[in-house]
Amino acid sequence: MSDFQMNPADVQEASVLMSRLADRMSDLELTKSDDSFDCGDTAVQEALAYFVSMYNKRGQTTRTWLNGCSDSLHATAQASADTPTMKRQSSSRHFEPSCRNEGIMATRFSQRFPAVTGDLGAIWSSQNEIRNRRRDIRDLGASLTEAISTCGDWTGLAREAFNDSARAEQKEISIWEDGCLQAADALKSYYFTLEWVISSVNNIRAQADDLWEQYQAMPPETRSSQHAELEGELAYLQKSYDDAKHILSEEALNTAAILREALYFTPEDIHKETSHG
């Protein structure tokens with residue numbers, strides 16, 4: 001048993017500050033990133049959707065923790081205010097916030113090279129939103145530290161338990177912040193790769209259309225003599241197309257892996273829930 005002392009007004013102020021932080025948690029939700037849009041690759045689409053889902057669950061966990069601490073601090077302050085003396089044996093109260101072709105020359109040549117799509121604007125908006133949320137999460141951590149500091153001279157077992165819980169949550173918030181930066185950087189890199197691939201494929205399709213127009217302008221009796229030359233040019237375009245698609249596929253797989261790796265901020269209870277689901 002250890003000696004106990006506190007200023008109830010300081011603890012009550014910390015309770016109010018934590019309640020306000022909990023109310024502001026909705027500002028940290030991802031909204032633009034949560035919309036369904038063309039990411040240019042299924043792997044990125046699925047990984048981003050999962051990232052957003054787990055991100056928002058992380059936010060719900062922190063909101064629950066903040067509300068739980070606010071309620072506990074309020075109750076502790078009230079109980080102490082009702083006690084005649086401010087120096088007594090420590091309470092056994094524990095903080096337990098919730099965890100956490102037809103014919104070879106019969107069709108337009110550009111049809112050999114399907115267009116690559118992707119909503120570049122939405123992808124940019126998504127990475128920007130996640131980057132901004134990283135800043136907001138950092139501010140949340142600073143505000144939590146400030147709220148904790150208002151507890152003043154409160155000492156005793158309950159304060160020690162509160163400090164342990166707060167340190168653990170502050171560590172989770174810091175990891176959450178780092179995960180958001182990792183995800184935003186991965187999406188930004190993917191954006192520039194997709195932008196280049198879309199432009200490259202559009203250029204290949206334009207060259208194929210030019211070859212088609214040249215082929216159509218040839219007299220019928222001379223077309224057959226040009227087949228080998230045309231096929232050589234189309235083969236070159238095909239290699240360029242395949243190379244671009246390969247680059248996109250590799251970048252998409254890498255981006256998806258990074259987005260899933262960034263989920264290390266996910267609370268343990270959510271990890272268990274999804275691994276057994």
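Here is a short chat about the structure above.

Visitor: What kind of model is this, and how are residues numbered?
Guide: It's a predicted model, where local features need pLDDT of at least 70, side-chain atom pairs count only at pLDDT 80 or more, and totals for chains, interfaces and linings use all residues. Residues are numbered from 1 along each chain as its sequence is written, and side-chain values use heavy atoms, with hydrogens and water left out.

Visitor: OK, how many helices and strands does the protein have?
Guide: Six helices and two strands. Those are DSSP runs numbered from the N terminus: H or I with at least four residues for helices, E with at least two for strands. Starting at the N terminus, the order is β-α-α-β-α-α-α-α.

Visitor: How much of the protein is buried?
Guide: Buried residues account for 40% of the 277 residues. Buried means under 20% relative accessible area, exposed means over 50%, and partly exposed is in between (1.4 Å probe, protein chains only).

Visitor: Let's look at α1. Which residues are buried there?
Guide: Pro8, Val11, Ala14, Ser15, Met18, Leu21 and Ala22. They sit on the same side of α1, because they cover an arc of only 145° around the axis. That arc is taken from the directions from the helix axis to the C-beta atoms.

Visitor: And what's on the face turned away from the buried side?
Guide: That face of α1 carries the exposed residues Ala9, Arg20 and Asp23.

Visitor: How do α3 and α4 meet?
Guide: Helix α3 (residues 120–149) and helix α4 (residues 157–217) have axes that come within 8 Å and cross at roughly 165°. Axes are lines fitted to C-alpha atoms, for helices over the stretch in contact, and angles run from 0 to 180 degrees between N-to-C directions. So α3 and α4 are roughly antiparallel to each other. As for the cut-offs, under 35 degrees is roughly parallel, over 145 roughly antiparallel, 65 to 115 roughly perpendicular, and the rest oblique.

Visitor: What about α1 and α3?
Guide: Their axes also come within 8 Å and cross at roughly 165°, so α1 and α3 are roughly antiparallel to each other.

Visitor: New topic: where is asparagine 202, and is it buried, partly exposed or exposed?
Guide: Asparagine 202 is in helix α4. It's partly exposed, with a relative accessible area of 40%.

Visitor: How far is asparagine 202 from alanine 115?
Guide: Asparagine 202 and alanine 115 are 87 residues apart in sequence, and their C-alpha atoms are 6.8 Å apart in space.
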